[in-house]
Amino acid sequence: MTYVVTVETCIPDGAPELDELRRIGAGTLLERGFDSVAGVEGPDGVEVGVLDVVVGVHPGGAILNVFVEAPSLEVAEDAVGSVTQEVLERSEVLADWVVESSEVKLHTDLARESLEAADGPDAPPSDPQVRRAQHARKADEPFEPAEETHDPEAEIRGMAARLRSFPPAAFGVVDPVDEFGVGPGAAELAAGALVYGAEVLIDELYDDVQALAEEDTNVADCEGHLWHLDQLPVRYAARYDELFARRFLVTAVALTTRFTDGGFERLGCLAEELVLKFLLEQAHVTLDLYGLLDDEVTAALECFSNGVYEDQDFEWLFDDAGDTPAEPTVLGFGTWFTPFGEDRYVHPYAADEMVQEPEDA
């Protein structure tokens, strides 16, 4: 089973925060350290394969998303924590850094549901195919909100501070606050919903990867339930296979990491534009679900979208009436993971093995 383990590391107590140059250096050292690791021995000698790592460095340390093949979640977490500590200790510069946590992050509501059902009458079926069919049925059922035992508004607002790359001004807040503009409260809800939505989006894209892998197929021929990949431009549905899905997932992780670690500057490629489209849609859905999407919050998200997108030419891809792209070198399928420029970032896992555009495309 493939797991995405999130590792949180921090600089030693009392050490000065990392400036931009030191963050770049630390990120390079961490990536090189993991590049030299093909696998790691977990508990009781179990082999754990390291597939990829996404590194996001912030002033107080780094957050790593490590993709591994492991027989269980517990083995994955233990092995990744150990190998991260080893990578840090190998580097003289990072040797004093501390691994604070190593865990597979689960969406809180889904995790609570699974724990409550464990070994009970509502326990999920052991057969993965039956589970996936059950999930697909749930996805098609109308939503009936359960009795809340927590405050979703407070939870979403509490996540806003994690969107470190964007100050309130990115959501339209001005100082002094304009009577007709976006207030700090609306900006906080919008920012928190983007962080909340990022967790849900990555969980669901992971499920999409698993669905395509289990059937060894593409989106056009997939019979199982898909959360997002079937919402990509339908004209290329037959080309969204497992490899594409993995690259798209890594792109989503890399983009949202830059959003939350303070390192975001500009979107790197067309695939990131599509990820942002899904993220904004998820933020709207989340806020609407809890009755928090009023006109002011909508305006805050719109202001954020306008500021991050440099253009929205990619929307042409969703126009089924179109026959050929007006700018094939920009919109062609083979360019989705191509950096917009030399100064733009695309994660190596997504960019290394470029998809080639067929000659008749």
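Q: What makes a charge count as sitting over a ring?
A: The CZ of Arg or NZ of Lys has to be within 6 Å of the ring centre and within 35 degrees of the ring normal. Keep in mind that this is a predicted model.

Q: What about Lys277, and which ring does it lie over?
A: Lys277 lies over the face of Phe318, at 4.8 Å from the ring centre.

Q: Where else does Phe337 turn up?
A: Phe337 belongs to one aromatic cluster with Tyr236, Tyr240, Phe244, Phe248, Phe278 and Trp336.

Q: How many aromatic pairs does a search of the whole structure find?
A: The search finds 14. One of them joins Phe259 and Phe264.

Q: Why is the pair of Phe259 and Phe264 called edge-to-face?
A: Their centres are 4.9 Å apart, within the 6.5 Å limit, so they pair; the planes are at 85°, over 60, and therefore the pair is edge-to-face. Are these residues buried or exposed? Phe259 is buried, and so is Phe264.

Q: Which residues have the most contacts inside the largest nonpolar core?
A: They are Phe171 and Trp336, in a core of 75 residues. Helix α6 (184-215) is among the elements that give two or more residues to this core, and its share, 17 residues, is the largest. Apart from this core lies another, of 30 residues, including Ala70 and Trp97.

Technical notes:
Residues are numbered from 1 along each chain as its sequence is written. This is a predicted model: local features need pLDDT of at least 70, side-chain atom pairs count only at pLDDT 80 or more; totals for chains, interfaces and linings use all residues. Side-chain values use heavy atoms; hydrogens and water are left out. Rings of Phe, Tyr and Trp (its six-membered ring) pair if their centres lie within 6.5 Å; planes under 30 degrees apart count as stacked, over 60 as edge-to-face and the rest as tilted. Buried means under 20% relative accessible area, exposed over 50%, partly exposed in between (1.4 Å probe, protein chains only). A nonpolar core is a set of buried Ala, Val, Leu, Ile, Met, Phe, Trp, Tyr and Cys residues joined through side-chain atoms within 4.5 Å. Helices (H or I, at least four residues) and strands (E, at least two) are DSSP runs, numbered from the N terminus.
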